[in-house]
Amino acid sequence: MKKTFSGLLVAALAFAGVVGTSTKADAAFMLWVCNDASCTGGDDYSVADNATNNTLGLTGDENAQVNNIAIDGSIFGYTVTTVGTFSLNNATPDMDLGWVVRNVGATTPLWLYATQTGFTTLGTANATFSSTIDGGTATGTVRGSDGDANNPANLAPVLLTLPISAPGGFTQGSASLVGPSPYSFAIGVTLSQTGASSGDLRVRVVPEPASMTLFGLGLMGFGVASRRRKANQAK
């Protein structure tokens, strides 16, 4: 009976560890540069982590590190340097999108996205958005759902919108992720500018309290099982 009880506790720990963790299944980290919000014009640029494609005046991934993409070049009347990073911070998504962009003749806005796929634990997205912009506006968006991960604009609905007007500033916000598991995640920046801009959008996801409670119960169960095992060995 004691062995059975210990086995159940260890099983509970394993289950709680799975539920309380954002895992990735067939994950694909990508950066996007588009001349329309929906990235459907046919001439938009996307690059996967460590991909070497060089098209539309932009380079492939110039950073050899996994989950870190850097691209630069000229596209749609802008010169663009964009860096995106992805990591798991305490087993939850942590994404960052940074940029340096200059308008060299564009008459339409520019859309930048970073996307990642295959998460199984919903939570709260906490975003910080900072920008310095010379003439124009910058807007950050955070999306998360079970939408089409091959197109960032299809990851509806928009969970957060964080606007910044010239000459720049800092905003922050939080919102709960929605949709069934697994879900995809996207962060984006819309730039409407006549000069230059630089900035950063970072989003960290905090697991739902229920998931953390399950994980805590699993750890507690593991401790009880360990103490019982030691007590039995001492007899």
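User: How is a disulfide to be read from the coordinates here, and which cysteines form a disulfide?

Analyst: A disulfide is taken as a pair of cysteine sulfur atoms within 2.5 Å. In general, a disulfide is a covalent bond between the sulfur atoms of two cysteines. In this predicted model, cysteine 34 and cysteine 39 form such a bond, with their sulfur atoms 2.0 Å apart, and the structure holds one disulfide. Because the torsion about the S-S bond of cysteine 34 and cysteine 39 is about 95°, the disulfide is right-handed.

User: Are cysteine 34 and cysteine 39 buried or exposed?

Analyst: Buried means under 20% relative accessible area, exposed means over 50%, and partly exposed lies in between, with a 1.4 Å probe and protein chains only. Both cysteine 34 and cysteine 39 are buried, and of the 235 residues of the protein, 43% count as buried.

User: How many helices and strands does the protein have, and which strands pair with β6?

Analyst: Helices (H or I, at least four residues) and strands (E, at least two) are DSSP runs, numbered from the N terminus; the protein has two helices and 12 strands. Two strands pair if DSSP finds at least two bridges between them. Strand β1 (residues 30-34) is joined to β6 by five bridges and runs antiparallel to it, with threonine 115 in β6 as the bridge partner of methionine 30. Strand β11 (residues 183-193) also pairs with β6 in the antiparallel sense, over eight bridges, and valine 189 in β11 is the bridge partner of leucine 112. Since 10 of the 10 residues of strand β6 (residues 110-119) are buried, β6 is largely enclosed by the rest of the structure.

User: Where is aspartate 36 found, and what does its side chain reach?

Analyst: A polar contact is a pair of N or O atoms within 3.5 Å; within protein, one must be able to donate a hydrogen and the other to accept it, and residues adjacent in sequence count only if both atoms are side-chain atoms. Aspartate 36 is found in the loop between β1 and β2 (45-48) and is buried, with a relative accessible area of 17%. The side chain of aspartate 36 reaches the backbone nitrogen of cysteine 39 at 2.8 Å, while the backbone nitrogen of threonine 40 lies 3.0 Å from a polar atom of that side chain.

How values were computed: Residues are numbered from 1 along each chain as its sequence is written. This is a predicted model: local features need pLDDT of at least 70, side-chain atom pairs count only at pLDDT 80 or more; totals for chains, interfaces and linings use all residues. Side-chain values use heavy atoms; hydrogens and water are left out.
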